Amino acid sequence: MAPAPRGQRPDSAAQGAATRQRRDQPCYLSAMPRTKTEEALAAAERAHSDDPERADLLARARRFKASWLELAESLASVRRSGQWKQWGYASFEDYTRKELHLRQETVDKLTGSYVFLQRRAPEVLDRDGVAAPVPSYQAIDFLRRAEETEAAPPETLAELRRRVIDEGAPLPTLSRKYREVVFPLDDSARRERDLGQLRATAKRLHELLTGSEAAPRPLRRELERLLTELLEALAPGEEEQAA
């Protein structure tokens, strides 16, 4: 669109058409990649511009952190239709790893969370993220797994669902408050967790004392001796090391 003469406002219709044209261009023309992965995705998007569905999936992969629902929807659709076969990949997992640069764990969480919303909270799929929050796929995955377990009390599940679906609470907040309740550890698993944490803390303190002159030398040596004994007592047995 040619610039308007000085002092004259540009024609609003022409300006609107130009804006729509820019908005309709592929996203790889309007968004500059910032990482090597984004550069690879943008290059693949350009290379496959003659295949709209494939290029669109690449574009959504680049934007998925901001709008994971779009990517999850397309991933679920492509997995269901088997379109990845026509793109020359031996498996869906091979396609998502090599072309979209997504880990299998991430793909499973994305598609699992999207299908969960379709079945259990379809109203979330219509949200714009402004008037109502769009929960992260990690939070949805946490809720999905919690509802699948038989250990969680119904009242806890109801509260968890409200925090995720209605409030959009982030995963770290949910994990701190609900993990022990909805995913309880048995005595053996809890003991192993506590032992691991104690070993790591004692080892770190021992390393700090060894490399520091801040503490009085007699006290430091005594603490180093006690920590060495503690680490020896907490050392995994032969059976545990073999496992």
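**Contacts and burial, residue by residue**

Q: Leaving aside neighbours within four places in sequence, which residues is Arg163 in contact with?
A: This is a predicted model, where local features need pLDDT of at least 70, side-chain atom pairs count only at pLDDT 80 or more, and totals for chains, interfaces and linings use all residues. Residues are numbered from 1 along each chain as its sequence is written, and side-chain values use heavy atoms, with hydrogens and water left out. Contact means heavy atoms within 4.5 Å. With neighbours within four places set aside, the partners of Arg163 are Gly168, Ala169, Thr173, Leu174, Lys177 and Tyr178.

Q: Is Arg163 buried or exposed?
A: Arg163 sits in helix H9 (residues 154-166); helices are DSSP runs of H or I, at least four residues, numbered from the N terminus. Buried means under 20% relative accessible area, exposed over 50%, and partly exposed in between (1.4 Å probe, protein chains only). Arg163 has a relative accessible area of 17%, so Arg163 is buried.

Q: What distance separates the C-alpha atoms of Arg163 and Pro135?
A: Along the chain these two are 28 residues apart.

Q: Does Leu219 count as buried or partly exposed?
A: Leu219 is in helix H12 (residues 217-234). Its relative accessibility is 46%, so Leu219 counts as partly exposed.

Conventions:
Helices (H or I, at least four residues) and strands (E, at least two) are DSSP runs, numbered from the N terminus.
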